Structures are given as C-alpha cells and as structure tokens.
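Let's take a walk through a two-chain model. Have the picture open while you read.

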Amino acid sequence: MDGIHDMGGMHGMGPVEAEENEPVFHADWEKRVFAMNNAISALGVRNIDESRHARERMDPAQYLASSYYEIWLDGLVRILSEKGLISTQELSGVMAPRPVSTPRPALAAPDVDAVMDKGSNYVAPRGKAPSFTAGQTVRARNIHPASHTRLPRYARGHEGIIETDYGLHVFADASAAGRSDPQHLYNVKFTSTELWGPDGHAGDNIYLDLWDDHLEAV
Amino acid sequence: MAGDHKHNDPLPETVLRVKSLESLLIEKGLVEAAALDALVDRYETKVGPKNGAKVIARAWADVDFKQRLLTDGSAAIAEFGFSGGQGEELVAVENTEAIHNVVVCTLCSCYPWPVLGLPPVWYKSAPYRSRVVREPRKVLAEFGTTLPETTEVRVWDSTAETRYLVVPRRPPGTDGMTEDDLALLVTRDSMIGVSVALTPAQAREI
C-alpha cells in the first residue's frame with residue numbers, strides 16, 4: 001500500500017535526533033508492548049508480514065505523531081482483533097473475556113531464550129524458478145497494490161542490477177495475505193542518480209532486497 | 001517520530017491501553033507475564049551491541065574469521081552463540097577506504113537483533129528512514145561522519161528478512177590490541193554505519 005510507512009525519500013521530516021546513552025526502553029509500557037508482540041509470535045496466529053501490514057494501516061496522521069512502540073501497540077490490537085482473538089468490547093471491559101484456541105500454547109518464560117535464539121525460517125524449499133540472474137539489469141515494476149508490499153515507492157519504475165540471488169524465499173507481499181508464493185529474493189543495486197536524478201550523488205548506490213514479482217526484465 | 005509528541009511522553013491512554021491489553025491477553029491464556037519479563041530481560045541485559053562488537057573485534061583480529069563473516073554472516077555469528085529472531089539471514093558488509101556502508105529500514109524498523117539488540121529511536125524515526133536513502137552523506141555528516149567525495153556510499157534498505165551488519169574499518173594505532181580491547185572501539189552506530197569506530201584515545205574519554 002502507498003502508506004505513510006513508506007518513507008524512503010520523503011522531504012520535510014526534520015533532522016535525525018540521536019539520544020546520547022539511550023536506554024533500551026524509555027518506559028515500562030514500551031517493555032510490555034515489545035514483549036507482548038514477541039510472545040504473541042510464538043502462538044502461530046499471525047506471521048511477520050501480517051504484523052507489518054497491520055502497523056502500516058494505522059491512521060497516517062497518528063502514525064507520524066506516534067513513537068514506534070505506539071505503532072506496535074496499534075498494530076498488535078488491530079491484528080489480534082482481525083484474527084478474532086480479542087475484541088474491542090473485551091479490551092474496554094464491557095464484555096468478559098471469552099476463550100480462544102491457538103495453534104501453539106502461550107510462550108513460557110523458560111523457553112524464551114531458546115525460541116528467540118531459534119528465530120523463524122523464511123527460506124522456501126520449492127517455488128517459482130528464478131527469472132533473473134546476478135549481473136542482469138532489471139526494472140522495479142511500477143505497481144501500486146493497496147495491499148502489503150515490500151517494494152518501496154522510491155524504487156518503482158527504476159532500473160537496477162541484480163547483485164545477488166538470495167534464493168527461494170516466502171514472498172512477503174503474499175505472506176501478508178496468508179499465502180506464501182515462494183520465489184527468488186534478490187539484492188538489487190540502484191545508483192543514486194537513477195533514483196534521485198540530479199539530486200543524487202554520482203558513485204553512490206542504494207541496495208534493496210526485492211522478490212521476482214517486484215521486477216521485470218529490461 | 002516527527003512532531004511534538006516525544007517517545008518518552010506517551011498519551012495517558014496509551015499506558016492504560018497497554019495495561020488493559022496485557023491483562024486481557026493473560027486472562028485469555030495468550031501470554032504469560034513471566035515470559036514477558038524474560039523477553040524484556042533478554043533484550044535489556046543479554047542481547048545488545050556488545051554482541052556485535054565482539055564479532056567485529058574478531059573480524060579485525062582474525063582474517064580467516066572476517067572471511068567467514070563476509071561469506072556467511074549467520075554462520076559466523078553462530079560461532080559466538082548469537083542467532084535467531086531478526087537475524088536469521090545476516091549479511092555483513094565491509095567498510096574500506098573506497099566503500100562506506102550504512103543500513104536502514106525505510107518501511108519499518110528491521111534491524112539485526114542478535115548482534116545489535118533493539119534499534120535506537122532515531123533509527124525507527126521518520127527523519128532517518130526518509131532521508132538516509134536520498135541524502136546519506138548529509139545524514140552521516142550530522143552524526144559527525146564526513147566522507148571523501150571519492151568514497152562510494154552504499155545504503156542497504158532492509159526490505160526483506162536479510163539483516164545487514166556493517167564491519168567498520170579498524171582504526172589506526174590499534175596494532176597488537178587484544179580482541180577484548182578492540183571491542184571497546186566498536187560502537188553500535190559504527191555497525192549501523194552512521195559513524196566510524198572509535199580510536200583508542202576516543203574510547204578512553206568515554
């Protein structure tokens with residue numbers, strides 16, 4: 001979707017303000033939002049792309065005015081509601097919590113390190129044959145799906161070179177809709193001047209990870 | 001994020017909403033409070049940029065390890081026991097005299113957790129995400145990093161599950177230093193690529 005989250009290249013966002021000796025969390029509520037998001041992942045009720053797409057659908061004015069953990073909170077409530085695991089009435093206390101079932105049980109404290117050390121797998125054993133090879137010139141397709149996509153606006157319609165073929169991966173754009181559509185993932189190099197014209201810097205390059213369906217032959 | 005609503009100044013209803021959500025999820029059996037505590041503790045005390053600094057220090061000290069790191073980042077960090085969530089497919093990119101790498105996630109907040117921990121607020125902010133792909137040299141200059149015109153800047157936008165780790169250049173005057181001492185020169189920002197590693201003199205001032 002052409003949402004507010006797709007920020008690459010936008011003007012007017014102001015200077016980057018780094019905080020010296022920044023703590024990992026700034027408040028207890030941030031800790032809980034972070035932890036709830038990760039604990040929910042263990043249940044197998046939503047994948048990472050569904051999670052991202054839920055955050056992207058936050059009201060755009062609110063998105064810009066929110067800290068990142070507020071965006072996570074908004075996305076978590078949205079996806080859990082859409083999956084039927086919680087309701088607004090339950091959250092506001094109007095309705096008593098009703099029981100739900102999940103593919104996997106709740107994450108237990110003794111398992112946290114092992115689960116986080118293991119991570120997830122995004123590599124697919126089978127899928128579409130690759131359309132491109134390393135060194136080939138390609139163009140990022142000029143597509144504007146209203147659904148989730150990992151092809152940023154600033155690269156669309158621009159030519160780049162396949163730097164590396166990372167092999168078959170779950171396609172994030174499909175995964176956000178509950179499908180996997182495995183296909184090759186590539187690292188693609190775009191020159192700064194191809195993306196930004198005379199406002200770019202000759203000799204500098206921007207590298208993006210894009211899937212087969214994001215690209216077309218030139 | 002932009003605007004006058006700071007990260008440490010949430011709306012009062014945000015704090016209440018988080019409490020309501022946690023209570024509800026616990027009551028429904030979807031999360032356990034002790035597991036939430038353990039997740040927080042993991043990323044507050046166990047997994048952070050000190051992990052990455054150990055990796056970089058070894059890459060500086062051991063050319064064979066550096067080659068393994070650049071060939072297969074995930075396998076190389078696993079030699080330290082570092083692995084998992086938000087770092088399943090780690091790619092290390094090396095800074096040289098000719099090339100300077102810097103990492104961003106313009107679409108969200110992707111960051112190599114196993115080696116750097118959780119990202120700082122500025123990394124997830126609109127200014128960084130919007131600007132570093134368009135004008136990386138200006139953003140780097142604001143971090144005190146001025147690059148020669150002849151140095152190629154490579155910006156890595158984390159648009160898939162690949163996570164990028166910058167291998168900063170080894171500072172001069174560090175011959176013969178131990179890995180432990182070298183690790184003290186490796187800052188979080190140098191592994192994101194907005195800064196360079198500290199000199200021994202700079203490290204002593206911190």
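In helix α1(B), the buried residues are Thr14(B), Arg17(B), Val18(B), Leu21(B), Leu24(B) and Leu25(B). "Buried" means that 20 or more other C-beta atoms lie within 10 Å of a residue's own, "exposed" means 12 or fewer, and partly exposed is in between, with C-beta atoms placed from the backbone. Looking down the axis of α1(B), you'd see these buried residues fall within an arc of 135°, so they line one face of the helix. That arc is taken from the directions from the helix axis to the C-beta atoms. On the other side of α1(B), Pro12(B) and Leu16(B) are exposed.

A quick word on where this comes from: it's a predicted model, where local features need pLDDT of at least 70, side-chain atom pairs count only at pLDDT 80 or more, and totals for chains, interfaces and linings use all residues. Residues are numbered from 1 along each chain as its sequence is written, and chains are lettered from A in the order in which they are written.

What covers the buried side of α1(B)? The cover includes α1 (28–41), α4 and α5 (88–92) of chain A. Helices (H or I, at least four residues) and strands (E, at least two) are DSSP runs, numbered from the N terminus. Just after α1(B), Gly29(B) takes a positive phi of about 80°.

## Where the chains meet

Chain A puts 76 residues into the contact and chain B puts in 70, a contact being two residues with C-beta atoms, placed from the backbone, within 7 Å. On the side of chain A that touches chain B, α1(A) gives the most, with 10 residues.

## The core

The largest nonpolar core has 110 residues, and Met36(A), Ala39(A), Leu39(B), Ile56(B), Val102(B) and Val155(B) touch the most other members. Such a core is a set of buried Ala, Val, Leu, Ile, Met, Phe, Trp, Tyr and Cys residues joined through C-beta atoms within 7 Å. Helix α4 (residues 68–82) of chain A gives the most to this core, with 8 residues.

Within chain A, the domain contact takes 6 residues from domain 1 and 4 residues from domain 2.
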